[in-house]
Amino acid sequence: MEILLKTEIEGKTLSIQTGKVAKQASGSVVVQYGDTIVLVSVVSAHEERATDFLPLTVEYMEKIYAAGRIPGNYFRREIGRPSEKETLTARLIDRPIRPLFPKGYRCETQVVATVLSMDQENDPDILAMIGASAALEISDIPFAGPIACVRVGRIDGRFVINPTINDCEESDINIIVAGSKTGVVMVEGGGNIVKESDMLEAIFFGHKAMQPIISLQEELKESAGKPKRSFVLPEKDQDLVKKIENIAASPIRKATLIPEKIKRSPALRTVKSDIFENLGDEYADRRAEVYDIFQDIQKNISRDLILKEGQRIDNRKFDEIRPITCETGILPRPHGSALFTRGETQVLGVLTLGSGRDEQRVETLSGEELRPFMLHYNFPPYSVGEVKRLGGPSRRDIGHGGLSTRAIERVLPSKEEFDYTIRIVSEVFESNGSSSMGTVCSGILALMDGGVPIKTPVAGIAMGLVKDEDNVVILSDILGDEDHTGDMDFKVAGTKDGITALQMDIKIHELSREIMEKALEQARVGRLFILDRMLESIKEPREKISPYAPTIITININPDKIRDIIGPGGKTIRLIQSETNTKVEIDDSGVVKIAAVSKEDGDAAEKMIKDITLEPEVGKIYEGTVVKIMDFGAFVQILPGTDGLVHISQLADHRVTKVTDIVKEGEKIKVKVLEVNRDGKIRLSLKAAQEEEK
């Protein structure tokens, strides 16, 4: 049965349709807003997988035909590897829906969102997230929804729901808020150094605005929803639970309270081994079940320590930050470097500066984009003491890099102030909680070490939450184990004056305004503490950039001279670049940028370009070369690519019968510029130059 439902959001119609396409999926919807259309389908297998986690995969695909274009790559089709935008959007969809599947659900489930049409105004990511919830709602898959989401901007002090892509450029807030009827479940985005109170208002402004979308999904489910398949979490073997508790509860507690992760992890592994020794061969084939019970006991102990005993694993206070050390300038050849260590999380930030040619070129639905700032996050397995195959960046790597990028890019100088392409690489050496926020801190320190004139320093902190009914504890600077056993991971980055980026994920169904307000304030205090420690190592950006960074020289020329610099077939510009070891870029307005390894090379290239583009001055004497003899006079090259005519009457102060009686081809002579006419033709005089030099 085909059903189409509509509602109004910010004066535009949002529609959800089902029953027309992709009918063999467990659930599918088409979501439209403006002329942007996204198809979202969801399928869940009926057989359970033997795994200890929810086997959920989310794919988001942007088809270039959606924008009325043919892909620009060699194959002229969408390539297999998803773009960074596709990966980040897939993570956005995954994070709010994952906690809403029933605990213990092990049927492989896949959500696929496909962008079918894009109007260059309305970003399809919001529609894909709404569609995922709607498709799950009408399917037979157990799901504790619905949820909805909106983008919130602020333009000229006024909050705007789902601002257009162009409006986002003018907005000082750009966040995506996902929520249920009664609370917020996810936040992602950033701001231009925005106060905590303003960001909180934006979040709950978005929560209120999404309610019609939730009502629309409820109506859709009532009209087209399938009966949910029955799922009951198998009860644990209580006899086995009691046996393991008797054997391991005390050793688990003792191991959990070891402050250092490097000692705690092997201690917990030893407890696991001891459990099997005590249980005997009878339970040898039930290892997965035993491990599951072990994890439950460890989680309950960790939570009870916080909620009932007021104690963290490493004995810190709830709002206390781990010890911090910062070092800058530790690598001699990169253009800036910094090592940031917070507890057992350690991140190296490395800065490289380049020219305009080094900008990243990215094909998007809106067309090709040039990105002068890049941040690449690397999380090698040794950072957590594991052995894994090394490969390209994972979804997690791209997600953490995207968050860190948003945190830093708001404080970068404009291209007019600092005409360089900037790349930061984050190498995570050790990880025990919030390496993404460590990336923000090390990246800022590396920028300052490299002499990049940032507007103001930025720091980041990860907040946690442990909640049991009315008992709520908010934790500052969480450890990895606290993230694993807690209910929230709330990352906040910003300056001393406000927020530049935030990301919130929860494992419970929703968060109240009161909890978020307290978490933001506690994060602000922690962020200021971290900033103070960072500034002890370097107070402000260095006055000069690294001597190994390229020198960028910008000059303006007459656009008519561009062809002279390029030369026939690019011969002249290639010669300049090869002789001076530089890169030369020219745009149509006549702006020439020279990127050189050294100042000497840059100066040499600048001189060559200025020589080529010099305009002859009337009345000035030039030394030139006779390049062509004619009956009526001689053509003399006075500047590279610039010739003028010495008429036969201007060769001498007496009558000249034959031009070759006075000058020969290839001869160097001094001539005076008499006139440059409107056509650019130049009249020269040999006799006037000789008279002036007498």
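Mentor: Let's begin with a rule: a charge is said to sit over a ring if NZ of Lys or CZ of Arg is within 6 Å of the ring centre and within 35 degrees of the ring normal. Keep in mind that this is a predicted model. With that rule in hand, find Tyr 291: the charged end of Lys 272 sits over its ring, 5.0 Å from the centre. Another case is Phe 379, where Arg 396 lies over the face of the ring at 4.1 Å from its centre.

Now for rings that meet other rings. A pair of aromatic rings is described by the distance of the centres and the angle of the planes. Here the count of aromatic pairs comes to 8. Take Phe 159 and Phe 205: their ring centres are 5.3 Å apart and their planes stand at 35°, so this pair is tilted. It joins distant parts of the chain, since Phe 159 belongs to strand S8 (residues 158-161) and Phe 205 to helix H4 (residues 196-209), 46 residues apart. Phe 205, at 34%, counts as partly exposed.

Next comes a pair that brings Tyr 291 back. Its ring and that of Phe 276 have centres 5.6 Å apart, and with the planes at 80° the pair is edge-to-face. This one also links distant parts of the chain: Phe 276 sits in helix H7 (residues 261-279), and Tyr 291 sits in helix H8 (residues 287-307), 15 residues apart. Phe 276 is buried, with a relative accessible area of 12%, whereas Tyr 291 is partly exposed at 30%. So Tyr 291 has Phe 276 as a ring partner and the charged end of Lys 272 over its ring.

Rings can also join up in groups. Ring pairs link Phe 101, Tyr 105, Phe 143 and Phe 231 into a cluster.

Pro 146 lies in the loop between H2 and strand S7 (148-155).

In soluble globular proteins, nonpolar side chains tend to be buried together. The largest nonpolar core in this model has 127 residues, and Ile 97 is one of those with the most contacts inside it, as are Ile 203 and Phe 490. Helix H2 (residues 124-138) gives this core its largest share, 10 residues. A second, separate core has 19 residues, among them Val 626, Leu 639, Val 663 and Leu 686.

Asn 162 lies in the loop between S8 and helix H3 (165-170). Its phi is near 50°, a positive value in a residue other than glycine. At 9% relative accessibility, Asn 162 counts as buried.

Notes. Residues numbered from 1 in each chain as written. Predicted model: local features only at pLDDT ≥ 70, side-chain atom pairs only at ≥ 80, totals over all residues. Heavy atoms only, no water. Phe/Tyr/Trp six-rings, centres within 6.5 Å; stacked < 30°, edge-to-face > 60°. Helix = DSSP H or I, 4+ residues; strand = E, 2+ residues; numbered from the N terminus. Buried < 20%, exposed > 50% of the residue type's maximum accessible area, 1.4 Å probe, protein only. Core = buried A, V, L, I, M, F, W, Y, C linked by side-chain atoms within 4.5 Å.
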